Amino acid sequence: MEQFDSNIGIHGPVTSTMDWCEENYIVTPWIAEFYNSISNVAYLITTIIGLKSVRAAGITDKRTYLALYSMAVVGIGSFLFHCSLNKNNNKFNLNTNTLLAFGLFLYAATITLIYTTYRTPLFFQISYGFLALSAFLVPPLQFKHLKYAYPEHKARLPGLWRLYWFAFASYLAGFVLWNIDNHYCSTVRWFRGLVGYPWSVLLQLHVWWHVGTAVGIYSSVVGVVYLRQVMVGREDVYIKWVFAGFLPVLRTELGCCEIECLSKLKRL
């Protein structure tokens, strides 16, 4: 990375092993990386949309709510890190990101131990990329199983594949921009200076990493939840694309009374 800021705000000198390409404390002395910090609202927005969606569909599985709330935790951890660039918040941000994918506690603990010992940012990027990649290798296997083991549900596959590729493209786009921001910071900053404010905000590439991963993770969660509902016989649940086709949500063909009765039956 090519970061070389020396600005110091109320949080003191930067102690994190990673200082991203956004210039430090240029908007307010209270937030080290202003745009990188506030862009974490993408995780909170997708969490709220997801919670509202599954509740309206009468989905009560605890694992579903755990996955969605975990997204909010990732956003909060990332906000604290970018807000202060403090090494303690950096560890929290690392933990929340690595724990999200599949809940692999042992993997996350090992990565955290190695990273905090050797303090190599490239190791964090590679390990996180590997974890994210693994999350996208499992769904095709699940789709194949659905196709042959449950042929009565194969009509659902086109919707699942669309959701899968949308999540993959969102995450990949964010990952590419993240790495451009990391390795070509001087060039990115030069372009930002060339176009000037407010257009330079659009060239805060780490912001787009947050947006891409928030949308990608959220879409992956929706896909997993939808697949589970299909497998347990919820024929009424379907995927609807909202916000001009930008986000998927779960909907149900059941009415409010039917959903309430279904929820009561699940609690028995």
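What is the handedness of the link of Cys21 and Cys185? With 95 degrees about the S-S bond, this link is right-handed. The model is predicted, so local features need pLDDT of at least 70 and side-chain atom pairs count only at pLDDT 80 or more, while totals for chains, interfaces and linings use all residues. Residues are numbered from 1 along each chain as its sequence is written, and side-chain values use heavy atoms, with hydrogens and water left out.

A disulfide is a covalent bond between the sulfur atoms of two cysteines. Here the term is applied to a pair of cysteine sulfur atoms within 2.5 Å, and by this rule the count comes to one disulfide. It joins Cys21 to Cys185, with an S to S distance of 2.3 Å. Cys21 lies in the segment before H1 and Cys185 in helix H9, so the pair ties together parts that are 164 residues apart in sequence. Helices (H or I, at least four residues) and strands (E, at least two) are DSSP runs, numbered from the N terminus. Cys21 is buried, with a relative accessible area of 0%, and Cys185 is also buried, at 0%. Buried means under 20% relative accessible area, exposed over 50%, and partly exposed in between, for a 1.4 Å probe and protein chains only. Cys83 counts as buried too, at 11% relative accessibility.

The peptide bond from Tyr197 to Pro198 is cis, with omega near 10 degrees.

Next comes the interior. A nonpolar core is a set of buried Ala, Val, Leu, Ile, Met, Phe, Trp, Tyr and Cys residues joined through side-chain atoms within 4.5 Å. The largest such core has 46 residues, and those with the most contacts inside it are Val54, Leu160, Tyr218, Tyr226 and Leu250. At least two residues of this core come from each of H2, helix H3 (62–84), helix H7 (138–149), helix H8 (157–183), helix H10 (205–231), strand E1 (237–242) and strand E2 (247–252). H10 gives the most, with 11 residues. Contact means heavy atoms within 4.5 Å. Not counting residues up to four places away in sequence, Leu250 touches Ser53, Val54, Ile59, Val222, Val225, Tyr226, Val237, Tyr238 and Ile239.

The two strands named above belong together. E1 and E2 pair in the antiparallel sense over six bridges, where pairing requires that DSSP finds at least two bridges between two strands. Trp241 has Pro248 in E2 as its bridge partner. Five of the six residues of E2 are buried, so this strand is largely enclosed by the rest of the structure. E1 and E2 form a hairpin with four residues between them. In the loop between E1 and E2 lies Phe243, with phi near 55 degrees, a positive value in a residue other than glycine. Ala244 is found in the loop between E1 and E2 as well, and its phi is near 60 degrees, again positive in a residue other than glycine. Phe243 counts as exposed at 57% relative accessibility, and Ala244 is exposed with a relative accessible area of 89%.

Asn40 lies in the loop between helix H1 (34–38) and helix H2 (41–56). Not counting residues up to four places away in sequence, Asn40 touches Gly75, Ser78, Phe79, His82 and His210.
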